[in-house]
Amino acid sequence: MPLNHQLSSKNQRRVPRLRYQQGSALAIAVFVLIVMFLLAGTLIKMLEDGDESVNVEVWGARALFSANSAADAELAKLFPLSGAVGVCSANSTWTPPSSVGFHGCTVAVTCNAIAVDGITQFQITSNAVCETGDCAGNAATTNCLRVNRQVEVEARGD
């Protein structure tokens, strides 16, 4: 009998140890899942930030090219192929054609003529604004992307 009593006392000691060890695997699994969710959330946020920066870059390029095109159009009015110097219009707007990728852009052009010692110098300022989303509505909306680029050109007419 004493032999059976020792086995039963050993079995009783082993059972509580197993119960304490069964929960550690669950705690480790929960910890690993939490870490994986945090990593996934960080990666998703990084991808969203990357997409937003690409959008700003594309719309910024559209605005810059619109401003350059408007300045070129104003220069073509000032200096036509006939060789005569044209008239500088003070304030005008230029609407780029939407079929060539300038969709959503408007350009304001100003031209100043300055005569010094019989030489006329022209300063052309072209300010382009390209926007997408709900920009005309509430100013506090987050569904609006608006980009502004400005180009200044100076030319001299002899």
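How many bridges join β1 to β2? Four do, and the two strands run antiparallel. The legends below start with the whole fold and then zoom in.

**View 1. The whole model: one helix and four strands.**
This is a predicted model, in which local features need pLDDT of at least 70 and side-chain atom pairs count only at pLDDT 80 or more, while totals for chains, interfaces and linings use all residues. Residues are numbered from 1 along each chain as its sequence is written, and side-chain values use heavy atoms, with hydrogens and water left out. Helices (H or I, at least four residues) and strands (E, at least two) are DSSP runs, numbered from the N terminus. Of the 158 residues in the protein, 17% are buried; buried means under 20% relative accessible area, exposed over 50%, and partly exposed in between, with a 1.4 Å probe and protein chains only. The accessible surface is about 11700 Å², and carbon and sulfur atoms hold 60% of that (Shrake-Rupley method, 1.4 Å probe; for residues, only the protein chains shown count as cover).

**View 2. An open sheet of four strands in the order β1-β2-β3-β4.**
The pairing is antiparallel; two strands pair if DSSP finds at least two bridges between them. β1 (91-94) and β4 are the edge strands, each pairing on one side only. From one strand to the next, the twist averages 20° (axes are lines fitted to C-alpha atoms, for helices over the stretch in contact, and angles run from 0 to 180 degrees between N-to-C directions). To find your way across the sheet, look for T93 opposite A108 in β2, then V109 opposite S126 in β3, and then Q121 with its bridge partner R156 in β4. There are 12 bridges between β2 and β3 and 14 between β3 and β4.

**View 3. D117 in the loop between β2 and β3.**
The hairpin of these strands has two residues between them. D117 has a phi near 55°, a positive value in a residue other than glycine. Most residues other than glycine have a negative phi. D117 counts as exposed because its relative accessibility is 78%.

**View 4. The largest nonpolar core, with 17 residues.**
Such a core is a set of buried Ala, Val, Leu, Ile, Met, Phe, Trp, Tyr and Cys residues joined through side-chain atoms within 4.5 Å. L78, C111 and I124 have the most contacts inside this core. At least two core residues come from each of α1 (2-78), β2 (105-116), β3 (119-133) and β4 (144-157). The largest share, six residues, belongs to α1. Focus on I124, whose contacts (heavy atoms within 4.5 Å) include A71, L75 and L78, together with V109, C111 and V151.

**View 5. Two disulfides.**
A disulfide here is a pair of cysteine sulfur atoms within 2.5 Å. C88 is joined to C111, with S to S at 1.7 Å. C88 lies in the loop between α1 and β1 and C111 in strand β2, so this pair ties together parts that are 23 residues apart in sequence. The link is left-handed, with -135° about the S-S bond. Both C88 and C111 are buried.
In the other pair, C105 is joined to C130 at an S to S distance of 1.9 Å. Here C105 sits in strand β2 and C130 in strand β3, so the parts tied together are 25 residues apart in sequence. This link is right-handed, with 110° about the S-S bond. C105 and C130 are both buried.

Key. Lists of a residue's contacts leave out its neighbours within four places in sequence.
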